[in-house]
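Colleague: I would like a close look at one part of this model, the place where the chains touch. How many residues of chain B are in contact with chain A? Please carry on from there into what lies behind.

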Amino acid sequence: MDITFKDVNYIYQANSPFAHKALEKLSFHIPSGTFVAVVGHTGSGKSTLIQHLNGLLTPTSGEVQIGDYYITSEKKPENLKELRSKVGVVFQYPEHQLFDETVEKDISFGPRNFGVAEDEINARIKEIIPAVGLDEKLLERSPFDLSGGQMRRVAIAGVLAIKPEILVLDEPTAGLDPRGQREIMDMFYALHKEQNLTTFLVTHSMEDAVRYADHVIIMNKGTKYMEGTPEEVFTQKEALNQVQLDVPEIIQFLNAFESRFGISLAFKRQSVRDLATQIKEAFEGVKSDE
Amino acid sequence: MNSMMIIGQYVPGNSLVHRLDPRMKITIIFLFVIVVFFANNLASYSILTAFAIITTFITRIPLRFILKGLTPIWFLIVFTFVLHLIVTKEGTVLVEILGFKIYSGALIQGLAISLRFFLLILITSLLTLTTTPIEITDAIEDMLHGLKKIKFPVHELALMMSISLRFIPTLLQETDKISKAQASRGVDFRTGPIKERIKAIVPLLVPLFVSAFKRAEELAMAMEARGYQGGEGRTKLRQLKIKSSDLIVLLFFLAIVVGLFLTRSY
């Protein structure tokens, strides 16, 4: 589903001394199937943005369009529930939303609310459990007996079981160990490709943004600060530094490499392995010139 | 968050009322609450109303904000007024609507009682609007100090109060977060039959309790790690001190009380 924001403003506690502008004149268009990374400092409006994607918040003014659903200040779509069955949101620390007696019941909570048939739910669970890296033996356990990492995976499975078309991830790997982070992000990316999802990833990690995203939105103080492909956005070091963001390690490396050896390599989102080959070729090229 | 729930939400500021010693504020409000019941004619009500309005004005909190926060109370005020209008049968008949006789005495009494009610709520909400919860608990701890002699756990009570006050916004935030997460999983808290809506509360309450208990445990551990051992020998960073401005305000208020007793009819 395509996602379009048109001049979206959002004010928290409007008309009170605590009024606080969280989004200001935000406009963008995301074609279906895009992996979007939303990057920005704490308080830049990232979380407010994603809550507009399934009608948890309605814009104070402006218009949000998700597929055929329109959300404006005047009206929410009547079939809000239908919209929510198509937009899966993994909130920060999603393990806080676990509540049911067993892991299985908790995972099936979402699809059951959206009226998915029982056999279909069971089929989905069978499919999802290995995908998120859990063991089927855990299904009968209480979610509160699990380790933090396992709870996170159960909560994520609970959102994936809805089979959304748009997947919204708010720092889904915060607080996990590095290996777990990588596993979960790779899982999301595989799912994104396989089911042709539109994915919104809110993250602090420039590395994740470079690795997975097709499109990057940099937020600052509630406004869109920069937008474009990772190549376009992450090569602008000064502009990023101005909003206290660093360029990803790979670009830092390329810059350092250029100033040290005088060889300029273009940033094309190459993997570390490809980069190593490129460097080798570049050096051999220099040698054969001599 | 819910903008209806501002009764008692602190609004930062630096007005005379904000800077007043919290014990003084509590004392004055306590006296005000008693004194309101002695007003019985136009002059005495005018004095109290003027006092309340001027105090509100001094706080520099937008009047619109205060009135909006009192929305849930308006119903009660209007209800009281209407009840008096119907029930009281004193004075002359003013009008007759659908067989109901509205008496002049009823109108006056209805107005007086509603006004009294309004003043009480306005003044008491000014306390919490201009005083941080910490100041209020400090003041209460200090004012209850004497009870320590009869082994009343004043410090513990104050600590419990400040901890619960401290965690109200945290819990509200948590509630907001979890209800949004569950709403995204298809829970509908707002529509549907009552039975379904009550059921919908379970996925909200369980995570809330779990996190509240976890938080309590962490807090207890953090306090112990920092050597907390109760009120014995504990000193305060912010000492409460009565300033001369506090005394002036008290004198001013007492003058108003005297004025009230001079103007009320006996």
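Modeller: On the chain B side, 21 residues are in contact with 23 residues of chain A; contact means C-beta atoms, placed from the backbone, within 7 Å. Helices α8 (154–184) and α10 (202–225) of chain B each supply at least two residues of the side that touches chain A. α8(B) gives the most to that side, with seven residues. Helices (H or I, at least four residues) and strands (E, at least two) are DSSP runs, numbered from the N terminus.

A word on the basis. This is a predicted model: local features need pLDDT of at least 70, side-chain atom pairs count only at pLDDT 80 or more, and totals for chains, interfaces and linings use all residues. Residues are numbered from 1 along each chain as its sequence is written, while chains are lettered from A and ligands numbered from 1 in the order in which they are written.

Now go to A:Phe91. Leaving aside neighbours within four places in sequence, A:Phe91 is in contact with A:Asp170, B:Lys177 and B:Ala181. A:Phe91 sits in the loop between β6 (87–90) and α3 of chain A. A:Phe91 counts as buried because it has 24 C-beta neighbours inside 10 Å. The cut-offs: buried is 20 or more other C-beta atoms within 10 Å, exposed is 12 or fewer, partly exposed is in between, with C-beta atoms placed from the backbone. A:Val159 is 68 residues from A:Phe91 in sequence, but 9.7 Å away in space, C-alpha to C-alpha.

Next, the nonpolar cores (buried Ala, Val, Leu, Ile, Met, Phe, Trp, Tyr and Cys joined through C-beta atoms within 7 Å). The largest has 73 residues. A:Val36, A:Val38, A:Ala157, A:Val168, A:Phe200 and A:Leu201 have the most contacts inside this core. Helix α5 (residues 148–160) of chain A contributes the largest share, seven residues. Apart from this core lies another, of 15 residues, including B:Phe32 and B:Leu129. Back in chain A, and again skipping neighbours within four places, A:Val36 touches A:Ile30, A:Thr199, A:Phe200, A:Leu201, A:Ala213, A:His215 and A:Ile217.

After α4(A) comes A:Gly133, with a positive phi near 80°.

Finally, chain B as a whole. It has eleven helices and two strands. Its radius of gyration, over C-alpha atoms, is 24 Å. A compact globule of 266 residues would be near 18 Å, by the rule of 2.2 Å times the number of residues to the power 0.38. The C-alpha trace spans about 70 × 60 × 35 Å along its principal axes. Of the 266 residues, 18% count as buried. The domain assignment, automatic or from a database, gives domain 1 (3–131 + 241–263) and domain 2 (145–225) of chain B. The centres of these two domains, over C-alpha atoms, are 32 Å apart.

Definitions and conventions
Contact = placed C-beta atoms within 7 Å.
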